[in-house]
Amino acid sequence: MKLLLTEDEVLLSAAIAKGLRKRGYAVDCAYDGEEALELYSINEYDLMILDLNLPKIDGLEVLRRIREQDSVLRILILSARSSVPDKIAGLDGGSNDYLTKPFDFAELEARIRALLRQEFYMKDVNLYCGSLRIDTAARRVYWKDTPVELANKEYSILEYLMSNQGKVISPEELIEHVWDSERDPFSNSFRFHISSLRKKLSAVSGTDSLILTLRGQGYRMADEGALL
Ligand code: CA
């Protein structure tokens, strides 16, 4: 999942980005409102964290301009403005959530997860594909009851595919949602991660067909029925 973090305090931004990357999110950082709109216009994000007191263009104005054209992007306001009228302005302006500073990182993360579940219409923190289950809160993967140890990127690829079950995901889309924009992976690094993910899944499940390759199109999780 790729997030756009808009925060002008450099140290705070670095700390949040570091924490989120550790949890496997791809994170792009914008340091003022103008940069946020620019990054938004060229990349595809699953969620945006938006500060309100921002240089150049105020956060509420950034929110307004995005909502003029986009009602889907999840936007979480993270602001020191903590009065009730401020919160009302943010939520009425179209943000999906509002968290005030100072905040607890674990709470920020839980709210991000909740918003992403809404985006992908997930009922709970678990995603299933046959006997494969991922717990998106703990970032753990299980085949039946056996834990599957995955590297960060492998997990992120699997989570994105399972959040989009039934859909064919192109390599470009996977890269877009799993890697930061500035750290574009070489295509062979991408292939390396997909193939090591597959090896680990087939070692534990005994099947090679959990992740299907559709020639010239991309990847898709297997149908539940095909795994029974
Ligand atoms: Ca600020």
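Which protein donors of the calcium ion does the structure contain? In this predicted model, local features were taken only at pLDDT of at least 70 and side-chain atom pairs only at pLDDT 80 or more, whereas totals for chains, interfaces and linings use all residues. Residues are numbered from 1 along each chain as its sequence is written, and side-chain values use heavy atoms, with hydrogens and water left out.

The calcium ion has as its protein donors Asp8 (OD), Asp51 (OD) and Asn53 (O), which lie 2.2 to 2.4 Å from the ion; donors are N, O and S atoms within 2.8 Å of the metal, or 3.2 Å for Na, K and Ca, and the site may look incomplete, since water is not among the atoms. Along the chain, these donors follow the spacing D-x42-D-x1-N. Asp51 is buried, at 3% relative accessibility, while Asn53 is partly exposed, at 39% (buried means under 20% relative accessible area, exposed over 50%, and partly exposed in between, with a 1.4 Å probe and protein chains only).

Backbone features of note occur in loops. The peptide bond from Lys101 to Pro102 is cis, with omega near 0°, and Pro102 lies in the loop between strand S5 (97-100) and helix H5 (105-119), where helices (H or I, at least four residues) and strands (E, at least two) are DSSP runs numbered from the N terminus. Arg139, a residue other than glycine, has a positive phi near 55° and is placed in the loop between strand S7 (132-135) and strand S8 (140-143); Arg139 is buried, with a relative accessible area of 17%. Lys144, in the loop between S8 and strand S9 (146-148), likewise has a positive phi, near 50°, but Lys144 is exposed, with a relative accessible area of 55%.
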